[in-house]
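User: Hey, I'm new to this one. Can you walk me through it?
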Amino acid sequence: MSTAGREYRALCDSGGVDLWQGATHAPPSAADLRLLSAAERVVMRRRSRTDGLRYAGAHIAVRRVLARYPGVAPAGIRFGTAPCPWCADPRHGRPVVEAPRTGLEFNLSHAGPHWALAVTCAAACRTTERAKPPFCGAGPARRQS
Ligand SMILES: [Zn+2]
């Protein structure tokens, strides 16, 4: 099993949470900025220069971290949206990894230049015998526009 597979298996077997943190103190490279989706680039440009670069740095880091688990390139991570837990509207639920289908759940927080990312394995991936990471299927997701 690859290192990525072992990390993924360990996370799912533990039922725990991996916590990652970092900070954005310098503008991301042009290559890293290309990792962002069109929607993320729009959000980045709507903010002040400093806040936009911090947003971009955190979202690039999220791609890099989440890509480790299934062992794919950061550019291979595509986000979608889960249905809202209160109204089931698929347009404003929490972000989820749509591809590859990983079964990972995550949450990102920001404070100034700092970011923190919590990553866990969906309950279904811990309890379903056929759901073997890194190919555990996540729930239905809707692609972000
Ligand atoms: Zn709602």
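User: Which residue is the bridge partner of Ala-23 in β5?
Analyst: That's His-114. Keep in mind that this is a predicted model.

User: OK, and how many bridges link β1 and β5?
Analyst: Seven: β1 pairs with β5, residues 114–121, in the antiparallel sense.

User: What holds paired strands together in general?
Analyst: Strands of a sheet pair through backbone hydrogen bonds, and the pairing can be parallel or antiparallel.

User: What's the strand order in the sheet?
Analyst: The order is β1-β5-β4, an open sheet of three strands with antiparallel pairing. The edge strands, each pairing on one side only, are β1 (17–23) and β4 (104–111). On average, neighbouring strands here are turned by 15° against each other, ignoring direction.

User: Switching to helices. At what angle do α3 and α4 cross?
Analyst: Roughly 150°, and their axes come within 7 Å. Helix α3 covers residues 38–46, and helix α4 covers 49–68.

User: So are they roughly parallel or roughly antiparallel?
Analyst: Roughly antiparallel, because angles over 145 degrees count that way and these two therefore qualify. The crossing of α3 and α4 is right-handed.

User: Which residues make that contact?
Analyst: From α3 you have Glu-40, Val-43, Met-44 and Arg-45. On the α4 side, the contact is made by Gly-52, Tyr-55, Ala-56 and His-59.

User: How many of those are nonpolar, polar and charged?
Analyst: The residues of the α3 and α4 contact split into four nonpolar, two polar and two charged.

Key: Residues numbered from 1 in each chain as written. Predicted model: local features only at pLDDT ≥ 70, side-chain atom pairs only at ≥ 80, totals over all residues. Pairing = 2+ DSSP bridges. Helix = DSSP H or I, 4+ residues; strand = E, 2+ residues; numbered from the N terminus. Axes fitted to C-alpha atoms, helices over the stretch in contact; angles between N-to-C directions. Parallel < 35°, antiparallel > 145°, perpendicular 65-115°, else oblique. Left-handed = near helix turned anticlockwise from the far one by under 90°. Contact = placed C-beta atoms within 7 Å. Nonpolar A, V, L, I, M, F, W, Y, C, P; charged D, E, K, R; others polar.
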